[in-house]
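Have the viewer open and follow along.

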Amino acid sequence: MINPLLQEFKTPYGAPPFKEILPAHFKPAYEAAMQEQYQHIKAINTSSEAPSFENTIVAFESSGSFLRRIRTIFGNLAGANTSAEIEDIARDMAPVLAQHDDDIYLDTALFNRIQTLYERREQLQLDTAAYRLLEKTYKDFVRSGAGLDDNKKATLREINKELSLLTVRFGQNLLAETNNFELLISKETDLAGLPDSLRDAAAISAREAGHEGQWRFTLHNASIMPFLQYSEQRQLREHMYKAYINRCNHDDERDNKAIVARIASLRASRAALLGYSSHAAFILEENMAKDPDGAKQLLEQLWTAALPIAGREAEEMQQIMDDGQQLEAWDWAFYADKVRKKRYNYDEEALRPYFQLENVRDGIFAVAGKLYGLTFSLLQDIPVYHEDVLAYKVSGPDGALTGILYLDFHPRSSKRSGAWMTSYRKQSFNKEERVAPIISIVCNFSRPTDRTPALLTPDETETFFHEFGHALHGLLSQVKYETLSGTSVPRDFVELPSQIMEHWAFEQEVLSLYAKHYKTGEIVPAALIAKMKEASKFNQGFATVEYLAASFLDMDYHTLPAGAAVEPLAFEQEKMQAIGLIAQIAPRYRSTYFQHIFYGGYSAGYYSYIWSEVLDCDAYAAFKEAGSIFDKNTATSFRTNILEKGGTEEPMTLYKAFRKREPDVKYLLEERGLN
């Protein structure tokens, strides 16, 4: 069998040949790639030459390039287009790959060569990027246990092996649980309050699931969130809400409680083994916050401002409940919408016709053109991993290739929930030639219906801008070493490029580029946008509090000392009571479906969204102060100091090079109406 993963990709732009790749190809490809890296490491260790930056650090980075390619393709497919076969491979390979990583990072001979160079780093006359790569490589080895004795290394190996399996199981359980739930409605009266767009989507979903003539609602955000906002059937809202917040909490084969407890315990034990007081202390050492106290200080400052506002919002909604019942969590979105309409005469659904997906996409492309001179051309001859996916060639002002961009917009059972940016190939340099990145944006936006094209909510529109900001970070990278390129930056800095893009979404100058009624072509009325912006300050207490509650929960799990055992539901309840979370609000993510921290890469890092928001609000103010949201000098400075630099320097150094000072939190407080 010819394995396409083991061949050179003879495709346009070197994209993965998705149609040729079968699940059966991955295990042999993994095995070949691991063996290749072992051979490279052996060559480094047995070299008769004294350690140098090129023969050790650069050689080490190059040693894993083949394996990174396989891991990247497989990991992206596991998230965006999985199957039973892929899930089996993920479970089988997780401990194998964990062992391989430990074999590399616990290799004493290799570490000795790296340490020799690190101790002489000031004498090596390295440029900034090379110095940073040496420093990062050394720290990665130390933080992976290279300095431990043999007994502790053996213990670390067992911890890493078990963690690799548990995180895979957590993610697979959550995907299965989300896909398993459906609310079928057969009586049209039970659709009371739901907008036509949601009814149409639910009818299509039911038809595709074999329930012709009914309406089907799921736990995917595009279905449940508008249902909670508009459904007049309180008991159905309660049913949907409880299903959502109790995912993987049913004491069955998809239950995640024991997995959560074990992951938290193992992470604490690993941190202690490496000499840290907690997993959070281990993680944050390499982030801008530096330690848990630094992160908690910002969270507590914002919590103090936001919690009373959320309480007042709850009181206002309680006053308009017409049935004399107590406001509950499943009522919040419904009555918040009523208050918003009453106070601001604003109906979010009135905006949907102006946010046709294709127009939003073209508007985002236009913003990137105005800011950075980029153009986007649809490609027809490039392989894609699913028929829904579109591919674009991204070119710079001179017409040269900047990168390739995949767009994957709609929910399906093979795709995990949420929205994210990833890469199939990171930017790097092959000698003097820039290797263009292949970037992918994956979302779960509302699908087109039988009567309308895909019409986005303002929230989905903002999400698209957000993920596109991440994509720009990957596309515009100009870094010599792949390890430092694009989004390879600390977690609490990586959200700056994404979140700053959100600021352009609803500027009138930008709306005129894309916000056109899908039937008439009319630009969205300025008065409607003014209402939206005025109304956006309402419910910020809730939005901030539910996010901060999840951030505190993340920190609580990851500041546990080694040996501490937790029962997740009791632990979660205790911690939420301690911060005074009001009964009508749950953390944005509860323990059993907190995918960011127990499956994704945000453990002890969920706070980073709000940390980065301090940066993005302050950074966007620079454009405003320059007199134009498309000010060329400011855009050029942001590109050259932030987007192009990847992880080649300390984040605050990069930020100060752009802003000429450290960020000011006042812009965040103003943006959220918390000042």
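By the ring-pair rule used here, the count comes to 48 aromatic pairs. The rule pairs rings of Phe, Tyr and Trp (its six-membered ring) if their centres lie within 6.5 Å; planes under 30 degrees apart count as stacked, over 60 as edge-to-face and the rest as tilted. Before going further, please note that this is a predicted model, where local features need pLDDT of at least 70 and side-chain atom pairs count only at pLDDT 80 or more, while totals for chains, interfaces and linings use all residues. Residues are numbered from 1 along each chain as its sequence is written, and side-chain values use heavy atoms, with hydrogens and water left out.

**Aromatic pairs**

A pair of aromatic rings is described by the distance of the centres and the angle of the planes. Two of the pairs are set out below.

| Pair | Centre to centre | Angle between planes | Class |
|---|---|---|---|
| Phenylalanine 60 and phenylalanine 141 | 5.2 Å | 65 degrees | edge-to-face |
| Tyrosine 655 and phenylalanine 658 | 6.1 Å | 70 degrees | edge-to-face |

Phenylalanine 60 sits in helix 2 (residues 53-63) and phenylalanine 141 in helix 6 (residues 128-143), so this pair links distant parts of the chain, 81 residues apart. Helices (H or I, at least four residues) and strands (E, at least two) are DSSP runs, numbered from the N terminus. Phenylalanine 60 counts as buried at 10% relative accessibility, and phenylalanine 141 is buried with a relative accessible area of 0%. Here buried means under 20% relative accessible area, exposed over 50%, and partly exposed in between (1.4 Å probe, protein chains only). Both rings also belong to one aromatic cluster, formed by Phe60, Tyr105, Phe111, Tyr118, Tyr138 and Phe141.

In the other pair, tyrosine 655 and phenylalanine 658 both lie in helix 25 (residues 651-659), 3 residues apart, about one turn of the helix. Tyrosine 655 and phenylalanine 658 are both buried.

**Helix packing**

How do helix 13 and helix 20 pack? Helix 13 (residues 292-320) and helix 20 (residues 540-558) meet at an angle of about 140 degrees, with their axes 8 Å apart. Axes are lines fitted to C-alpha atoms, for helices over the stretch in contact, and angles run from 0 to 180 degrees between N-to-C directions. Helix 13 and helix 20 are therefore oblique to each other; angles under 35 degrees count as roughly parallel, over 145 as roughly antiparallel, 65 to 115 as roughly perpendicular and the rest as oblique. Their crossing is left-handed. A crossing has that hand if the near helix is turned anticlockwise from the far one by less than a right angle, and is right-handed if clockwise. Among the residues that make the contact are Leu299, Trp303 and Leu307 of helix 13 and Phe542, Leu548 and Phe552 of helix 20; contact means heavy atoms within 4.5 Å. By class, this contact has 14 nonpolar, 4 polar and 3 charged residues. Ala, Val, Leu, Ile, Met, Phe, Trp, Tyr, Cys and Pro count as nonpolar, Asp, Glu, Lys and Arg as charged, and the others, Gly among them, as polar.

Helix 15 (residues 357-372) and helix 16 (residues 458-475) pack at about 40 degrees, with axes 11 Å apart. Helix 15 and helix 16 are also oblique to each other, and their crossing is right-handed. The contact includes Ile364, Phe365 and Tyr372 of helix 15 and Phe464, Phe465 and Phe468 of helix 16. The residues of this contact divide into 11 nonpolar, 1 polar and 1 charged.

**Around helix 9**

Helix 9 (residues 221-230) is mostly covered, with 8 of its 10 residues buried. Pro226, Leu228, Gln229 and Tyr230 are among the buried ones. The cover includes helix 8 (196-208), helix 10 (234-245), helix 14 and helix 16.

Phenylalanine 334 is placed in helix 14 (residues 332-344) and counts as buried at 7% relative accessibility. Leaving aside neighbours within four places in sequence, phenylalanine 334 is in contact with Leu228, Gln229, Tyr230, Ser231, Glu232 and Arg237. The C-alpha atoms of phenylalanine 334 and proline 226, 108 residues apart along the chain, are separated by 9.1 Å.

**Backbone angles to look at**

Tyrosine 13 has a phi near 65 degrees, a positive value in a residue other than glycine. Tyrosine 13 is found in the segment before helix 1 (26-45) and counts as partly exposed at 30% relative accessibility. Aspartate 251 has a positive phi too, near 55 degrees. Aspartate 251 lies in the loop between helix 10 and helix 11 (257-273) and counts as exposed at 66% relative accessibility.
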